[in-house]
Amino acid sequence: MIEIERKFLVVSQQFIEQAQSKITISQGFLNSNPDRCVRIRKTPKGGVLTVKGRSSKDGTTRFEWEKPLSSKETDSLLALCEPGKIEKDRYLVPMGDHYYEVDVFKGDNHG
């Protein structure tokens, strides 16, 4: 699977009023090498192991593979992650026929 991603810095929190939903995400990296990043992510719906390849030259696409994890597997793998775990709230904001996913970081990554 190929991931297509665009990133923008949002300078206002007005989007929160328009958000359809919000989920809390905890994530860590087993390997943060840009050639093959391995991430563990925990949400209220469960856990996911994600492997990502290097971004394309224009930075818009890259290989991505995901596998669902049990809660026990997720917690065990999060305990093995590199330092610098990420905590954030993800807001789903409808915009025409599309949705924006807007992340608001907490803890060490706040702001």
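Reply: At 44% relative accessibility, glycine 59 counts as partly exposed (buried is under 20% relative accessible area, exposed over 50%, partly exposed in between, with a 1.4 Å probe and protein chains only). Glycine 59 belongs to the loop between β4 and β5. Its C-alpha lies 9.1 Å from that of isoleucine 4, although the two residues are 55 positions apart in sequence. The model is predicted, so local features need pLDDT of at least 70 and side-chain atom pairs pLDDT 80 or more, while totals for chains, interfaces and linings use all residues. Residues are numbered from 1 along each chain as its sequence is written, and side-chain values use heavy atoms, without hydrogens or water.

The setting of the strand is as follows. The protein contains two helices and seven strands (DSSP runs numbered from the N terminus: H or I of at least four residues for helices, E of at least two for strands). Along the sequence these elements follow the pattern β-α-β-β-β-β-α-β-β. The C-alpha trace spans about 35 × 35 × 25 Å along its principal axes. Of the 111 residues, 25% are buried. Among contacts with a separation of 6 or more, 45% join residues 24 or more positions apart (contact: heavy atoms within 4.5 Å). The accessible surface amounts to about 8000 Å² (Shrake-Rupley method, 1.4 Å probe; for residues, only the protein chains shown count as cover). Carbon and sulfur atoms account for 54% of that surface.

Strand β6 pairs with β2 in the antiparallel sense over seven bridges (pairing requires at least two DSSP bridges between two strands). In this pairing, isoleucine 25 stands opposite lysine 88 of β6. Strand β6 also pairs with β7, residues 98-105, again in the antiparallel sense, over eight bridges. Here valine 93 is placed opposite tyrosine 100 of β7. The hairpin of β6 and β7 has two residues between the strands, and glycine 96 takes a positive phi near 65° there.

Aromatic side chains come next. A pair of aromatic rings is described by the distance of the centres and the angle of the planes. A search of the whole structure finds one aromatic pair (centres of Phe, Tyr or six-membered Trp rings within 6.5 Å; planes under 30 degrees apart are stacked, over 60 edge-to-face, the rest tilted). This pair consists of phenylalanine 15 and tyrosine 91 in an edge-to-face arrangement, with 5.5 Å centre to centre and 80° between the planes. Phenylalanine 15 lies in helix α1 (residues 15-18) and tyrosine 91 in β6, so the pair ties together parts that are 76 residues apart in sequence. Both phenylalanine 15 and tyrosine 91 are buried.

The structure holds nine salt bridges (a side-chain nitrogen of Lys or Arg within 4 Å of a carboxyl oxygen of Asp or Glu). One of them joins aspartate 89 to lysine 22, with 3.9 Å between the closest N and O atoms. Because aspartate 89 is in β6 and lysine 22 in β2 (residues 21-31), this bridge ties together parts 67 residues apart in sequence. Aspartate 89 is buried at 10% relative accessible area, whereas lysine 22 is partly exposed at 47%. A network of salt bridges links Lys88, Arg90, Glu101 and Asp103.

Two salt bridges elsewhere complete the account. Arginine 54 and aspartate 35 have their closest N and O atoms 2.6 Å apart. Arginine 54 lies in the loop between β4 (46-53) and β5 (61-69) and aspartate 35 in the loop between β2 and β3 (36-43), so this bridge ties together parts 19 residues apart in sequence. Aspartate 35 is partly exposed, at 39% relative accessible area. Glutamate 66 and arginine 39 form a salt bridge with a closest N and O distance of 3.9 Å. That pair links strand β5, which holds glutamate 66, with strand β3, which holds arginine 39, across 27 residues. Glutamate 66 is partly exposed at 43% relative accessibility, while arginine 39 is buried at 7% relative accessible area.
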